[in-house]
Amino acid sequence: MKKGILGSILCFLFFIGNGLAQTGSTLQLHDIYRNSIYGQKGFGPVRWMKDNKGYSTLEANKEIGGRDIVKYDAKSGARSVLVSAAQLIPQDKKVPITISDYQWSLDNNKILLFTNTRKVWRYHTRGDYWVLDLKTNKLARLGRSLPSSTLMFAKFSPDASKVAYVSELNIYSENLEDHKIDQLTKDGGDNIVNGTFDWVYEEELNCRDGFRWSPDGKHIAYWQSDTKDVGTFYMINNVDSIYSKPIPMPYPKVGTELSTVKVGVVSLENGTSKWFKVPGDPKNNYLARMDFIPNSNEVMIQQLNRRQNTNKVYIGNIQTMDLVNILTEKDDAFLDIHDDVRWLENEKYFTWSSERDGWLHLYKVSRDGSVVQPITKGNFDVVEINCIDPKGGYVYYIASPDDYTQRYLYRSRIDGQGEAERITPSSNSGQSSYQISNDAKWGIQVFQNAVTPPKYSLISLPNHKQRRILEDNKELKAKYEALKLNPKEFVKVDIGDEVLDAWMIKPKDFDPTKKYPLLFYVYGEPAGATVQDNWGGGSLWDQYMAQQGYIVMSVDNRGTKTPRGNKWRKSIYGQIGILASEDQSKAAKKILETYNFLDPSRVGIWGWSGGGQMTLNCMFRYPEIYSSGLAVSFVSDQRLYDATYQERYMGLLEDNAKGYHDGSPINFAQHLEGNLMIIHGTADDNVHYQSFEMLVNKLIEHNKMFNMMSYPMRAHSIYERENTSYHLRQTMEGFWKKNLPAGGK
């Protein structure tokens, strides 16, 4: 559900591809969703080389096809070809392999190439791997005796003599000298998952790669999941055969059994696995993170309890299998898991992110947990850690103390002394992200804002001097400017007990003496935010609707994922759908009072995923405000969604049954008064089609009239199969044109 904004919506708005057709001065749906005219260009993937003096990237080889792996010297810009596409032609083939991703060995003498990929749930994590030895120029496919396109998460051993990977739920190690394959686990299959994860760990805890090499290359630590007690949900394929086909997936819904998960260590010498005995019921705790401590035979394991308000950090010895609890993090509401652990001072200390002072900051913690010292401090959140440079003595990170819609690079001293120093210049007003070299002397900056598509630049640090523009998307920028659209206006909405961020887009021919329909785009849940000063694909759907004669707005209510501190984010705890819809309704009333060019009789609201649920809550709870609503891929009853997400923000069902009831729009469907359309994909593995059908059943029970559209065998983002995105947007436009008449009056 959390991907409703950043996954489901943006997968349409980024429009992968570089459409070459010429656009006119009017935004057209078919240009956006069928012709990909507004496709943006990226850059990379970039890998900083071990000497930190240059980076590698992929570039097309125009002579033979495929892509070369090239290196650029950061200082001079000198270009050299490290791997020609000609070196990537297998002996039995005539064309180079297609590179989806690549990774270097630590010594930069070998390279792993990921190709022929397949999707596993949301991402392409399964495929074939090849290894190229740059010293011998030998190219070899890994796992030749295993089924093709089944390898996952291949990675070099520390000395690059071996590669380990997962295939069909078991872990393998392959010697790169003679390509002998050793199967390290043998019980994978059916309900046993080795070296990767079940659906809910991937979706909600961001766990995919489930094994780690030991620093000496003699052991592999890994997760094993047993899904036998997890309920099976069945999706139905009715369109690819004359007989329906059930598609089973283990999926823990609210209050039901989770997978039994444990961490083990397998020896490459004898193939024997040993298991850590982490305290507590493995079915009611999450082993959310695990990794080796550098230069040691110890692992750090993070255990999150089922309520997700306590994170216990253990250090485990892989020889004795002893565990020591060194740190326990607690919160009255919920905890987020962060990937900001970096070992310092010969592994005597590590970095740790925490909200313990009310803001998200980075701390320096001793190995035994007895010393916890702040590195960053102040009334602001650290959004993301970009680089920790022990030699230089600084940590570089993204923050935005003064404007929650924007993002800038800052740095603070690792010893905690002094004040935070802003690195991104004020001229870069908007959002910036960075890929920084390990020595913190160079970075790839990606700058964007609401009217500027991503601009990739090489910069030097800490002076943030732009050395070269790598990709500026100037063609897309020109197409966008030719449309002469009204840009987003970022505004504040004072609802009494809080001031909310919002944006507004007006029609091209806006006349302030007329009254226009108001169309809200909403998300409102703690996993995302809509009011951000970034490109977001140009918000072309919102711009298109504004062009049709609507004032389009979006408001971030309390609890959304913005850097406004612990109190803001945790305010939503236990009342998903309740506080947020109240905030949205207050904001709508305030907006209607503030702007006299808005028509209170024509107010619509729509959203995707969590935003679909929010749309329904607003429509059912505040029918006097919203005359029309459109909900896509929504949760109608919070008990139907996965346990990990819903219990994190709502608590356990046994402790908050009333909250689950009151936050679920299905229980208020009888209050529907306006025009409603609901849309869902029948193959949605995230928010199941069941949620759609149960709401339909309830609306019928209460004799409520509504519109509905199902997309067969489309998943949560509803884009699979031919013409889907275009058809979907035409359907949405038709609903709005019919039920929320456009134009100023």
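Let's start at a turn: strands S7 and S8 form a hairpin with four residues between the strands, and in it Asn 137 takes a positive phi near 60°. Keep in mind that this is a predicted model. Strand S8 covers residues 138–141, and its pairing with S7 is antiparallel, over four bridges. To find one place where the two strands meet, look for Trp 130, whose bridge partner in S8 is Arg 141.

Now follow S7 to its other neighbour. Strand S6, residues 110–120, runs antiparallel to S7, and nine bridges join the two. Here Val 120 has Tyr 123 in S7 as its bridge partner. S6 and S7 also make a hairpin, this time with two residues between them, and Trp 121 in the turn has a positive phi of about 60°. Is S7, then, mostly covered or mostly open? Strand S7 spans residues 123–133, and eight of its 11 residues are buried, so it is mostly covered by the cut-off for buried, under 20% relative accessible area.

Next, find a sheet made of four strands. It is an open sheet with antiparallel pairing, and the order is S1-S2-S3-S4. Which strands stand at its edges? They are S1 (47–48) and S4 (79–83); each has a single partner strand, so one side of each is left without a neighbour in the sheet. S1 is joined to S2, residues 54–60, by two bridges, and these strands run antiparallel. Across this pairing, Arg 47 stands opposite Ser 56 in S2.

Aromatic rings are our next stop. One aromatic cluster is formed by Phe 43, Trp 48, Tyr 55, Tyr 72 and Tyr 456. A pair of aromatic rings is described by the distance of the centres and the angle of the planes. In the structure there are 29 aromatic pairs. One of them is formed by Phe 510 and Phe 597, which are edge-to-face, with 4.9 Å centre to centre and 80° between the planes. Why does this pair tie together parts that are 87 residues apart in sequence? Phe 510 lies in the loop between strand S37 (499–505) and strand S38 (516–521), while Phe 597 lies in the loop between helix H7 (579–594) and strand S40 (598–608), so the pair links those parts. Phe 510 counts as partly exposed, at 22% relative accessibility, whereas Phe 597 is buried, at 8% relative accessible area.

Rings can have charged neighbours too. Arg 356 lies over the face of Tyr 363, 5.5 Å from the ring centre. Over the ring of Phe 668 sits the charged end of Arg 621, at 4.5 Å from its centre.

Finally, let's look for empty space inside. Rolling a probe the size of a water molecule over the atoms shows where empty space is left. Searching the whole structure gives four cavities of 30 Å³ or more. The largest cavity holds about 140 Å³ of space. It is lined by 14 residues, and the closest to its centre are Glu 329, Asp 336, His 338, Trp 352 and Ser 353. Which strand gives the most to this lining? Strand S25, residues 349–354, does, with three residues. By type, the lining of the largest cavity divides into five nonpolar, five polar and four charged residues.

Note on methods:
Residues numbered from 1 in each chain as written. Predicted model: local features only at pLDDT ≥ 70, side-chain atom pairs only at ≥ 80, totals over all residues. Heavy atoms only, no water. Phe/Tyr/Trp six-rings, centres within 6.5 Å; stacked < 30°, edge-to-face > 60°. Buried < 20%, exposed > 50% of the residue type's maximum accessible area, 1.4 Å probe, protein only. Lys NZ or Arg CZ within 6 Å of the ring centre and 35° of its normal. 1 Å grid on protein atoms, 1.4 Å probe; cavity = no way out; pocket = protein on both sides within 12 Å on 5 of 7 lines; lining within 4 Å. Points joined across faces, edges and corners; volume = space filled by probe spheres on them. Nonpolar A, V, L, I, M, F, W, Y, C, P; charged D, E, K, R; others polar. Pairing = 2+ DSSP bridges.
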